[in-house]
Amino acid sequence: MLTDEYVKRVYAQVEKRDGDQPEFLQAVREVFESLEPVVEKHPEYEKAGVLERLVEPERVVKFRVAWTDDEGKVQVNRGYRIQFNSAIGPYKGGLRFHPSVNEGVIKFLGFEQILKNSLTSLPMGGGKGGSDFDPKGKSDAEVMRFCQAFMTELCRHIGQFTDVPAGDINVGAREIGYLFGQYKRIRDEYSGVITGKGLEFGGSLARTEATGYGLCYYTQEALRVLKNDSFEGKTVVISGSGNVAIFATEKAQALGAKVVTASDSNGYVYDPDGIKLDIVKDIKLGHRGRIKEYAERVPGAEYHEGCKGVWTVPCDIALPCATQNEIDEESAKALVANGCKVVCEGANMPSTPEAIAVYQDNGLLYGPAKAANAGGVAVSGLEMSQNSYRLSWTFEEVDNKLKSIMENIVANSLAAAKEYGHEGDLMLGANAAGFVKVANAMVAQGVL
Ligand SMILES: NC(=O)C1=CN([C@@H]2O[C@H](COP(=O)(O)OP(=O)(O)OC[C@H]3O[C@@H](n4cnc5c(N)ncnc54)[C@H](OP(=O)(O)O)[C@@H]3O)[C@@H](O)[C@H]2O)C=CC1
Ligand SMILES: O=C(O)CCC(=O)C(=O)O
């Protein structure tokens, strides 16, 4: 419940203006609930209209993407780039290609990105983009033509010092390569305009692994500080089988946990002996197959249709790594009933507000997405640094920096939670710590 008058007034304005964007409203409300003690302590934020400005993107770019499929038929998709906030650095955030993409979805992701990027301690503002294009079932040539058409418009709006996109759902190495190539061709410029690049053309070692590894470093540190515990010997349920899920599984296993599930949008597999990651990689990275194939190849593994059932599998730790609102109240209750004590989010906003309330009411250790999954964008920031220096750090150098960034996020979140009277609350702490830096920069830079 919102109680502070200033926060309530700004939220009412957002509801009035953006009432047709449920994901964006959800993201704003969650942040605003955390910010009440912060704005009460800092009246200068209200005076400078910080909240009103924070919820309004600096720029929304929406464009037609016309391309030709393999049959020679013209296809038209919508493209978006939302340049949300540049108070502490150039806009930074991924591109998502998925049929569910619309302006509200990109706005929620861009809004989350502002505070997430601030938490990394690197100089990056918040942005996000994408398209309702669905790469599933498309040939490589179709994906290339789509990416080229998308970048033909996007290239007018981005640049290494203004806005630096990266990947997100369905935008991986293949798409980043095509997007970078087209930017270079049109702008005749070889720069770090996009991150997640191939290692041969300016990518950073450990960027591929960064979000999943970072999620585990964050979880391990939160467990250590708050529970004097670790991944060792724990049973872990992970959703998804894309970039974040695969590398979260890899690191959780390396830290001594048994990961027993993987999923995609059709269903989930349960392997009581522990997921064989080489098989998941072969299916997903090798030939873009469906997770069902895992149960056909691994004796003893079960496949279940539908992705929600993954949350009924008994576990100590749950790491949602697929998509927004994948855990609702019912799933959260099932997790608690089956012994889950920790939920740390690899996906963006994977828990509904009702699910978060269940975690809080039952004393779970809850690591919110904008903190727990910040490792991806953090290493993107390190890729930008390497591109500027024209050099490459080793895997170990980048991985060590990533680990210390994630540990600092836990420490800074806990310090902010304590400062604002909610000791141990990683969600309030992440929102407060991320916000204060951006808010101070906005106040200092005047009304823009
Ligand atoms: N990549 C990154 O660096 C970062 C990603 N994230 C977030 O992590 C999450 C996963 O991203 P990423 O791994 O990169 O994406 P990928 O495209 O690599 O993988 C996404 C996975 O989630 C599944 N999925 C997608 N939509 C749904 C849905 N509606 N219901 C059930 N499952 C679904 C996909 O299954 P299917 O193939 O069937 O669609 C796939 O297994 C997203 O929320 C993203 O925003 C956050 C920070 C950084
Ligand atoms: O690496 C990046 O720039 C962005 C990653 C991303 O999209 C995210 O953090 O959600």
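Reader: Which residues are closest to ligand 1, and how many surround it?
Author: There are 26 residues around ligand 1, and the closest are Asp168, Thr211, Ser265, Arg290 and Asn348. Being near takes a heavy atom within 4 Å. This is a predicted model, where local features need pLDDT of at least 70, side-chain atom pairs count only at pLDDT 80 or more, and totals for chains, interfaces and linings use all residues. Residues are numbered from 1 along each chain as its sequence is written, and side-chain values use heavy atoms, without hydrogens and water.

Reader: What does the side chain of Asn348 do with ligand 1?
Author: An N or O atom in the Asn348 side chain sits 2.8 Å from an oxygen atom of ligand 1, a polar contact (a pair of N or O atoms within 3.5 Å). Lys136 has a polar side-chain atom 3.0 Å from a ligand 1 oxygen atom.

Reader: OK, and ligand 2: which residues are closest there?
Author: Lys92, Lys116, Lys128, Arg207 and Ser380 are the closest of 14 residues surrounding ligand 2. From an oxygen atom of ligand 2, an N or O atom in the Lys92 side chain is 2.6 Å away, and a polar side-chain atom of Lys128 is at 2.7 Å.

Reader: Switching to helices: what angle do α8 and α16 pack at?
Author: About 45°, with axes 9 Å apart; α8 covers residues 207–227 and α16 residues 395–419.

Conventions:
Chains lettered and ligands numbered in written order. Axes fitted to C-alpha atoms, helices over the stretch in contact; angles between N-to-C directions. Helix = DSSP H or I, 4+ residues; strand = E, 2+ residues; numbered from the N terminus. Polar contact = N/O pair within 3.5 Å; in protein donor to acceptor, adjacent residues only side chain to side chain.
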